[in-house]
Amino acid sequence: MGATAIVTQIVFLREFLNVFQGNELVIGIVLSLWMAITGLGALTGRLLEKGGQKIAPLSTIPLVLGLLPLVTAFYLRYARNLLLEPGMIFDLAQFIVFSFLFLLPFCFTAGFAFPFLVRAAFTPRANKIIPRLYAWEALGSVLGGSAFSILAAYFIPAFKMLTFLALFNCVAALFLALKEKACIPFFFSLFLLIGGGLSLKALNLDLLTRAYLFPHERIIYFQDTPYGNVTVTTLGAQKNFYENGLLLSSSEDIITAEESVHYAMAQHPAPRYVLLISGGFLGLTAEILKYPVKEIHYVELNPALTEIGRLYTPHLSDPRIRIVNMDARLFLRQKRHTYDVVLMNLPEPQTAQVNRLYTDEFFQELKCLLEPKAIVSLSLPSSADYLSYEARELKGSILKTLKKNFHHVHIFPGEKDFMVASDTPIETNITTLIEEKGLPTRYVNKYYLSDEVLARRSKFITERLEKRGAVNKDFFPIAYHRSLLLWISQFDRSIWAWPIAAFALIIMAVTLRYLTPITAGIFVGGFSASALEVVLLLSFQVLYGFVYQMLSIIITAFMAGLAFGALGGARWLSGNVMKKYILSQYALAFLSFLLPLLLLGGKVAIGAHISLTPFFIVTTFILAGIIGTEFSFASHLSAGTPIRRAAQIYGLDLIGSALGAIIVSVFIIPLWGLLWSCTTLGCLNAISGTIAFLYRKG
Amino acid sequence: MEKITKREFIKYLAAGLSSACLSPCLDALSLIARLGGNARAEGPNRWSREAMFYEKTERGIRCLKCPHSCVIKENGTGICRNRMNYRGKLYTIAYGNPCAVHIDPIEKKPFFHFLPASRSFSIATAGCNLRCLNCQNWQISQFSPLDTYNIDFPPSRVVAESLSNNCASIAYTYSEPTTFFEYTYDTARIAREKKIKNVIKSSGYINEIPLRYLSKVIDAANIDLKCFDDGIYQKLSGARLEPVLNTLKVLKEEGVWLEITNLIVPEWTDNLNTIKKMCEWLRNNGFSNVPLHFTRFTPMYKLTHLPLTPISTMEKAREIAINTGLNYVYLGNVPGHPAENTYCPQCKKMIIERKGFTILANHVSKGKCRFCGYPIAGVFAIST
């Protein structure tokens, strides 16, 4: 069940990002809904204790859990065309409602399955059944997650993976049905096993369903990668490049290519070494090569993007272009070269991962690799003719961050707003500069742009950004929060507030119904689990870089910690368990308070070239281990039958995790910073521990 | 002195720590409040005027300005978000408070046959009566003036600034000028007195009576003819085709210089048969000499899962339009394309060489082709 859940979660998240959009809020909503619905399913599992007879054979569980992901994923791709007009994004309210409906079948069943399994496995002597099942589930997640993340993410497409998962569950159902002597599940499992095996050979569901995502274009390349889905389509003679369903660019997009390059490149008297971060295959290299450069170092995290650049464009063939498939922060830390111009062609900072490339610390690291007259350029969505509150906050933050590191920053308002920064004065009469240099441009020239109009618009924007926004920092990533606010502002707020409010009320009502001095600890523990996982993943990316395999290892360490903690806790269910429970909460509080110090120490270690990986793995394992032991203690201390206890503890743990997943990543970390986020978590655990202490005699 | 017990002390401490932990939630809540609600005007203010074109009904006030014909209840607004019912009267809350004020080349609107190479003083208030999925200016069009940062710019100031900046025209643009109708109308009247031209960039979704009123004070209009399919029109923009076609006829009848823009959106408005029908309708209704601008779509607002319009599609659309009998057909957002130039409908020679907003060569003399003498439609100079 654990393996099925984690693999399904990873695949679903990728599919959701493909169909909806990839930003921190969307990810937070999906994960949060996942855990909340699973928690509600678990709490509903209490009803099982009222049934004197078995409601269904145990073998139905893996059967249902195996099939549901496949069916859901199919409809997720297909339903986009039913529910939306071509090319449309979901409204936020629609997205929340549809996510809920799509996740409901699998997540509710998975949640319900936990107390169901407890009921099936319970014997009067097996008083440690709950923590053991929890531990096994976590171990299943470890194995499933590791296998998928490290192997399947590169080689096995989504539907094939889900088919394997379904077959795996069918085998489990078959054995269980044999043991239970349940005929219907047995034959059904056998039928599905044979049918599934044949379909793997005969039917390519990935190929069939991907057409639903691009119904009117011809797909010539489609690849699920650890960094997202990459697709290339053709429409007439034009090629279109998509990442997670969002258009990166189309061929013949001269305006974007020229603006991304010339506002910055033209500033430098003789650029020789250029660092291009992302998007080189979209025509930018061709524009850069109009200058007498010696080398272009093109850094692209996702190797699939450079692959499609080589396959479908002529833009990566020049010998002066050196391609590096690596995280940009990690690349900078290797300090291989210094640069005259740095062009950052990144998406806007809507995720914590991308935000790392817009921070004060990033620009400080970048400056170490800049030649004296170097120019740096980045872009943000255009404000066109007006700057909303959200746009001011976001752009103000980035502008302030740049100004902290460079003496001069100028905004060129084009199809995007380009911020060009340098320690030397910036020439604002860009069309004059282009003409003086005799550069053959089709758009960035005096015919299409007016220096006077650009200057006026630039002044308009800059005046409105003064005193706006806070400096964007690694451990205070305010910019991605502001970016999310800008994204949200396009939706009708009178509509999207309602589903959120309704769902929040349901969660609150359910939580308060089951909250006791014991379950409060597990609720806070679940919240802390999600929150700390986000803190650790973000910190690792900030301090080390975005490396997919390493992040998978950290997630695996977290799950493993939960499993071992739960098993270890099950062994310590003797003596004063209440005291141990209280102490575990205080221990978690203490470690949460300590974590910022440890992370700051990590920064120092980076400077001293000490590897951070063991520290992160050990810290993650210990934190998760404490949470796992809390689960064991809470399951022992809470009142009621094993089914009731399993339902309550598992359910509240998940609901706490759900809230942690969204509140921490979307609000707490960017608004308060990592330091205060950890302090808050520490306080919450201290409070829940204190509540348990006060009521210990009760 | 009353002592407190150890338990009470810890209780109060826990409560205090909870408050400290929750206090940043107030920051989040204040953000949510900001997102969740707008300040509501307490009746008319200095940026309100009693609206034109409305009638009182039993259910509320019916606005008569556009085909939506919104029935607005007390303290409510119409679809455009800038007309409000206050104590039984309809007020515009978009008067003298633009949120966007810029100076642009007139070709940007686009106007290619109206005062080429001149500057246009461009203004807009928030609000729009359409809901276009690909709106470029959604940050002002899909909000009320109560939500936006506005500038105090009464009509007289607009005209004064236009004069001091040597602008040949005032453009009412960016959002939807027919929704800030009264502001447009009053400003245009003053501008006329000062010999400044008035141009609008509009969706054309307006009723005939207000349109005829407005036509008396404006000199040129660029109307977005989004599609020639009513069903798609409704899905793409929340409006209907027929009123827009009527607007085109009325403007032509009233002698307002007219140019038309058609944005070709992949999977929505790129059907070449539909484009052909549109061009035939334009020809049959006397619009052969009205410049038609096919512009290239870029992903925007709620339509971001689409590619750019292929240039080949745009070229085919232009070919269909010319073959149908439309004389002046341009391609926008395709820098450097020969379809930016103006060609004589008779001798087919290039009479205006245009690159972006710059006229490189002009072979139109006294409104005629210098090569063959064919009259070229347009307003190429300011008449006194």
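Predicted model: local features only at pLDDT ≥ 70, side-chain atom pairs only at ≥ 80, totals over all residues.
Just after helix α9 of chain B, B:Gly325 takes a positive phi of about 120°.

Which residues of α9(B) are buried? They are B:Ile311, B:Thr313, B:Met314, B:Ala317, B:Arg318, B:Ile320, B:Ala321 and B:Thr324. Their cover comes from both chains. It includes β3 of chain A, together with β12, α8, β13, β14 (329-332) and β15 (342-343) of chain B.

Follow β3 of chain A next. This strand runs over residues 238-243, and A:Asn240 sits in it. A:Asn240 has a relative accessible area of 0%, so it counts as buried. Its side chain makes a polar contact with the side chain of A:Glu217, at 3.4 Å. Neighbours within four places in sequence aside, the residues in contact with A:Asn240 include A:Glu217, A:Thr231, A:Leu247 and A:Ser249. B:Pro307, from the other chain, is also one of them.

Now turn to α8 of chain B, which is among the elements covering α9(B). At its start, a side-chain oxygen of B:Asn271 reaches to within 2.9 Å of the backbone nitrogen of B:Asn273. After the helix comes B:Gly286, with a positive phi near 80°.

How are the buried residues of α8(B) arranged around the axis? The buried set is B:Thr274, B:Ile275, B:Met278, B:Cys279, B:Trp281 and B:Leu282. They cover an arc of only 160° around the axis, so they lie on the same side of α8(B). On the other side, B:Asn273, B:Lys277 and B:Asn284 are exposed. The buried residues are covered by elements of chain B that include α7 (241-253), β12 (257-264), β13 (292-296) and α9 (311-324).

Step back to the interface as a whole. The size of an interface is often given as the accessible area lost when the parts come together. Chain B and chain A bury about 5700 Å² between them. Carbon and sulfur atoms account for 60% of that area. In terms of residues, 62 of chain B are in contact with 65 of chain A.

Polar links cross this interface as well. There are 24 residue pairs in polar contact across it, with both residues at pLDDT 80 or more. On chain B, the elements that give two or more residues to the side touching chain A are α1 (6-36), β7 (100-105), α2 (138-141), α9 and β17 (358-362). α1(B) gives the most, with 16 residues.

Four salt bridges span the interface. One of the cross-chain pairs joins A:Arg457 to B:Asp104, with the closest N and O atoms 2.8 Å apart. Both residues belong to a network of salt bridges that also links A:Asp385, B:Lys108 and B:Lys109.

A:Glu452 and B:Arg119 form another salt bridge, with the closest N and O atoms 3.0 Å apart. This pair crosses between chains, from helix α17 (residues 451-465) of chain A to strand β8 (residues 119-124) of chain B. A:Glu452 has 42% relative accessibility, so it counts as partly exposed. B:Arg119, at 26%, is also partly exposed.

The whole structure holds 37 salt bridges over all chains. Two within chain A are worth a look. A:Arg482 pairs with A:Glu393, the closest N and O atoms being 3.2 Å apart. A:Arg482 lies in helix α18 (residues 478-488) and A:Glu393 in helix α15 (residues 389-405), so the bridge ties together parts that are 89 residues apart in sequence. Both residues are buried.

The other pair is A:Arg464 with A:Glu463, where the closest N and O atoms are 3.8 Å apart. Are these residues buried or partly exposed? A:Arg464 has a relative accessible area of 24%, so it is partly exposed. A:Glu463 is partly exposed as well, at 42%.

Key: Residues numbered from 1 in each chain as written. Chains lettered and ligands numbered in written order. Heavy atoms only, no water. Salt bridge = Lys/Arg side-chain N within 4 Å of Asp/Glu carboxyl O. Helix = DSSP H or I, 4+ residues; strand = E, 2+ residues; numbered from the N terminus. Buried < 20%, exposed > 50% of the residue type's maximum accessible area, 1.4 Å probe, protein only. Arc of directions from axis to C-beta. Contact = heavy atoms within 4.5 Å. Polar contact = N/O pair within 3.5 Å; in protein donor to acceptor, adjacent residues only side chain to side chain. Buried area = accessible area lost by both parts, 1.4 Å probe.
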